[in-house]
Amino acid sequence: MKLDVNALRYLSKDDFRVLTAVEMGMRNHEIVPSELVERIASLKHGGTYKVLKNLLKYKLLHHDSSKYDGFRLTYLGYDFLAIKTLVNRGVFVAVGRQIGVGKESDIFEVAKEDGTVLAMKLHRLGRISFRSVKSKRDYLRHRSSYNWLYLSRLAAVKEFAFMKALEEHGFPVPSAVDCNRHCVIMSLVEGYPLVQVKQLQNPDVVFETIIGLVVRLAEHGLIHCDFNEFNIMIDDDEKVTMIDFPQMVSVSHRNAQMYFDRDVECIFKFFRKRFNLSFHETVDDENDVEIDNDESVRPCFSSISKGVGSLDKELAASGFTRKDQEDIEKFIENGLEGDADSGGEEDETEDTDGVEVEHLHISEEETLNGDENAGRQRNHEACQIDVSEHDSD
Ligand code: ADP
Ligand code: MG
């Protein structure tokens, strides 16, 4: 998805006030009735109407009058709220080029005031698979808390918590900087996803390191669940960094063994194919053939996950609650169990139909009374668009 943050500079305090009012209304309404937006925003002299028109022009809101007259946020509207909050907090001052597009996220460079470039991951859970999930699984009919806003926020909170904990335990992960709504700010990883790497100086060393990570994670009580060549970054010195954590589960998860084995298998398969690595070959003399017998070198889940560390429990005790974990697992498991149903990208106008939001935790003061400490360096080299100097009156 394109992210044109140019408009950020022209948006006023009232614009953000109304945008936030819609966000707050979405806690209980799929489409927020116009009167409710007006009441929450409570602008003087009926100014809300004019502001709503402006927000529609910039595609930050979607207007829906099918059942009653109302509005809801678009992805872009939600992006703007998160970006504005983070800029106000002084986390970064400019948004630059897109550096990654994942299945359920968009990743951009952002620059700090001192020029340091960071990575911004905007979660888009539900962008691709929400509708197919909705049509296949009936748990959604019994739970009212599923929509893209809620799920994307949950994914970001989880990713941030896990990244931080993994970093603290010495895992090679990006450094977790900050998080707001569906947006995670982290350090920029040098290098490329392993999938783009055609040659390695020391494929066996890299392989050992990567398998070592899966094992060490399990020893800490965790399974990545999407551990593959897309989520492993490698730099020119062949240093490995793992990324992408919203789908991680505890070793006590009922499908833990299967997820662990699948992570391991992905790595074996990739290294066998891409780098011709063979694992513990035995020779069948009689028939003069080599048998690729990698079973003996494969890490065994049941022996690793016994008497392990408890990072999984630590995380459950941190801001990421059990209910959060259950909610996101239910959604993500559909993807984990089979990605086949992820058809092309869907328009965001489609994916919230019939779903009400129950728990969307928004800090009101963050946007309604956000500090206006913007106004800094312009046109940073690495970044195309400075978002710090919007009209904030
Ligand atoms: P998704 O969950 O959508 O798969 P990822 O976290 O895997 O998202 O990121 C998608 C792509 O964005 C990665 O393959 C990588 O190329 C790039 N990327 C993600 N995080 C970073 C980072 N911290 N530094 C540099 N590139 C990154
Ligand atoms: Mg990924």
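This is a predicted model: local features need pLDDT of at least 70, side-chain atom pairs count only at pLDDT 80 or more; totals for chains, interfaces and linings use all residues.
Which domains give residues to the shell around ligand 1, and where does that shell lie? Domain 1, residues 8-188 + 341-386, and domain 2, residues 192-242 + 252-307, both give residues to the shell around ligand 1, so it lies between them.

Let me stay with the ligand for a moment. There are 18 residues around ligand 1, and those that come nearest are Gly 100, Gly 102, Ser 105, Val 189 and Asp 244. By class, the shell around ligand 1 divides into ten nonpolar, four polar and four charged residues. As for the strands, β4 (94-102), β5 (105-111) and β6 (117-123) each supply at least two residues of that shell, and β4 gives the most, with three residues.

Now to the protein as a whole, which has 13 helices and 16 strands. Of its 393 residues, 41% are buried, and if we take the contacts between residues at least 6 apart in sequence, 69% of them join residues at least 24 apart.

Turning to the two domains themselves, four residues of domain 1 are in contact with four residues of domain 2. On the domain 1 side, the residues that touch domain 2 are three nonpolar and one polar, with no charged residues.

In soluble globular proteins, nonpolar side chains tend to be buried together. Here the largest nonpolar core has 96 residues, and those with the most contacts inside it are Val 18, Val 22, Phe 92, Val 110, Cys 183, Ile 185 and Ile 223. Helix α7, residues 148-168, gives the most to this core, with 14 residues. Both domain 1 and domain 2 give residues to this core, so the core lies between them. To take one of its residues, and leaving aside neighbours within four places in sequence, Phe 92 is in contact with Leu 86, Val 87, Val 110, Ala 111, Lys 112, Leu 118 and Ile 185.

Finally, a residue of another kind: is Lys 269 buried or exposed? Lys 269 is found in helix α9, residues 256-275, and it counts as exposed because it has 12 C-beta neighbours inside 10 Å, where the cut-off for exposed is 12 or fewer.

Definitions and conventions
Residues are numbered from 1 along each chain as its sequence is written. Chains are lettered from A and ligands numbered from 1 in the order in which they are written. Helices (H or I, at least four residues) and strands (E, at least two) are DSSP runs, numbered from the N terminus. A residue is buried if 20 or more other C-beta atoms lie within 10 Å of its own, exposed if 12 or fewer, and partly exposed in between; C-beta atoms are placed from the backbone. Two residues are in contact if their C-beta atoms, placed from the backbone, lie within 7 Å. Ala, Val, Leu, Ile, Met, Phe, Trp, Tyr, Cys and Pro count as nonpolar, Asp, Glu, Lys and Arg as charged, and the others, Gly among them, as polar. A nonpolar core is a set of buried Ala, Val, Leu, Ile, Met, Phe, Trp, Tyr and Cys residues joined through C-beta atoms within 7 Å. Domain bounds come from an automatic or database domain assignment. A residue is near a molecule or strand if its C-beta atom, placed from the backbone, lies within 6 Å of it.
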